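Let's learn to read a protein model together, one feature at a time. Ask whatever comes to mind as you look.

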Amino acid sequence: MSAKRIDGKLRAQEIHEEVARRSEELRGRGIVPTLAMMRVGEDPASIVYLRKKAEAAEKVGVQSKNIVFPEDANPEEVRQTMQDLNQDPNVHGILLQLPLPKGWDAQVLLNLMDPAKDVDGFHPVSVGKLVRGEPTLLPCTPLGILYLLHREQIDLSGKVVAVIGRSNIVGRPVANLLSQKGPGRDATVILLHSRSKEIPAWTSQADVIIAAAGQAQMITPEMVRPGAVVIDVGIHRVPNPDKPGKFKLVGDVHPDVKEVASAMTPVPGGVGPMTVATLLQNTVDAAE
């Protein structure tokens with residue numbers, strides 16, 4: 001058996017097309033969906049991520065504003081900018097690019113953000129509404145995973161889902177979402193992490209595995225029940241043994257798992273494109 005490839009690029013394009021249509025409708029009403037992206041410092045990965053987000057936004061009719069502060073910026077100036085964006089009726093979504101430089105407290109800035117503009121779903125009010133099952137802007141990666149599972153017609157009702165990783169960005173919110181009542185959810189969720197004992201014993205029982213542990217290729221074929229669906233959230237840059245001096249991208253899941261699983265996401269081209277697509281979807285939701 002060789003697993004079906006769950007194409008994140010294809011599914012992200014579906015979202016982009018829908019976002020572009022809705023953006024055009026908003027513009028027809030004189031509303032330009034606008035995303036403000038704040039960055040502190042010069043983290044190379046953050047610069048690349050924000051550039052890609054801006055390029056994607058432009059293609060679907062979402063205006064982006066890139067607001068950059070030096071690492072030694074006055075925190076009060078950054079906080080005031082956040083407050084100004086909250087009050088600006090022409091800004092519909094605010095993104096604080098993480099991680100922040102050493103010495104900065106991300107939660108202080110996130111707490112200042114207007115939850116109605118919190119397109120990453122990180123504000124305490126957003127998190128609280130997610131936990132309670134109330135309407136809110138959802139974290140982008142979990143929302144993208146939910147969309148992938150839905151579009152692949154993977155029935156989760158009563159199924160066992162093993163989530164590996166307990167971060168507030170992916171693991172916890174996706175576990176909460178999939179265990180809630182409702183179409184495409186109703187799963188029995190096992191949340192595993194670095195302190196969990198006998199992880200293979202748990203994952204081998206799962207109908208679906210969502211790997212977000214941040215450890216390259218930790219999920220191996222013997223940890224996967226034959227026929228399970230595997231969603232790989234991880235992305236790591238590692239040496240390429242076939243090309244000395246070169247690097248390649250791998251996920252949290254070993255590539256040989258495709259011989260056991262029924263379907264799995266590739267790295268790259270799986271969950272990654274969905275995160276950007278759902279960010280733009282959240283921005284248009286906020287604008288509407």
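**Reading the model, step by step**

A: Let's start at a loop: Gln 153 lies between H6 and strand E5 (160-164). Keep in mind that this is a predicted model.

Q: What is the phi of Gln 153?
A: Gln 153 has a positive phi of about 55 degrees, although it is not a glycine.

Q: Is Gln 153 buried or exposed?
A: Exposed is the word when the relative accessible area is over 50%. Gln 153 counts as exposed because its relative accessibility is 71%.

Q: Where does Glu 198 lie, and what is its phi?
A: Glu 198 sits in the loop between strand E6 (188-192) and helix H8 (199-203). Its phi is positive, about 55 degrees, and Glu 198 is not a glycine. With a relative accessible area of 59%, Glu 198 is exposed.

Q: How do I read the domains of the chain?
A: Look for the ranges of residues first. The domain assignment gives domain 1 (31-114) and domain 2 (140-271). The C-alpha centres of domain 1 and domain 2 are 29 Å apart.

Q: How do I read the length of a helix, say H2?
A: Go from the first C-alpha to the last and compare that reach with the expected one. Helix H2 covers residues 44-59, which is 16 residues, and it reaches 23 Å. That is close to the 22 Å expected at 1.5 Å a residue.

Q: Which residues of H2 are buried?
A: Buried means under 20% relative accessible area. In H2 the buried residues are Ser 46, Leu 50, Lys 53, Ala 56 and Ala 57. Seen down the axis of H2, they fall within an arc of 125 degrees, so they line one face of the helix.

Q: Which residues are exposed on the other side of H2?
A: There you will find Pro 44, Glu 58 and Lys 59, which are exposed.

Q: What do the buried residues of H2 pack against?
A: Their partners are strand E2 (34-40), strand E3 (63-69), strand E4 (93-96) and helix H9 (271-287). Just after H2, Gly 61 has a positive phi of about 85 degrees.

Q: How many residues of H9 are buried?
A: H9 is mostly covered, with 12 of its 17 residues buried. Among them are Val 271, Met 274, Leu 279, Leu 280 and Val 284. These buried residues of H9 pack against helix H1 (8-28), E2, H2, E4, helix H6 (140-151) and strand E8 (229-232).

Q: How far does H9 reach?
A: From its first C-alpha to its last, H9 reaches 25 Å, close to the 24 Å expected at 1.5 Å a residue.

Q: How far apart are Arg 29 and Val 48 in sequence and in space?
A: They are 19 residues apart in sequence and 33 Å apart in space, C-alpha to C-alpha. Arg 29 lies in the loop between H1 and E2, and it counts as exposed at 58% relative accessibility.

Q: Which residues does Gln 215 touch?
A: Not counting residues up to four places away in sequence, Gln 215 touches His 236, Gly 251 and Asp 252. Gln 215 is found in the loop between strand E7 (208-211) and E8. At 47% relative accessibility, Gln 215 counts as partly exposed.

Q: How do I read aromatic rings?
A: A pair of aromatic rings is described by the distance of the centres and the angle of the planes. A search of the whole structure finds 0 aromatic pairs. There is a charge over a ring, though: the charged end of Arg 237 sits over the ring of Phe 247, 4.1 Å from its centre.

Conventions. Residues numbered from 1 in each chain as written. Predicted model: local features only at pLDDT ≥ 70, side-chain atom pairs only at ≥ 80, totals over all residues. Heavy atoms only, no water. Domains from an automatic or database assignment. Helix = DSSP H or I, 4+ residues; strand = E, 2+ residues; numbered from the N terminus. Expected span 1.5 Å × (residues − 1). Buried < 20%, exposed > 50% of the residue type's maximum accessible area, 1.4 Å probe, protein only. Arc of directions from axis to C-beta. Contact = heavy atoms within 4.5 Å. Phe/Tyr/Trp six-rings, centres within 6.5 Å; stacked < 30°, edge-to-face > 60°. Lys NZ or Arg CZ within 6 Å of the ring centre and 35° of its normal.
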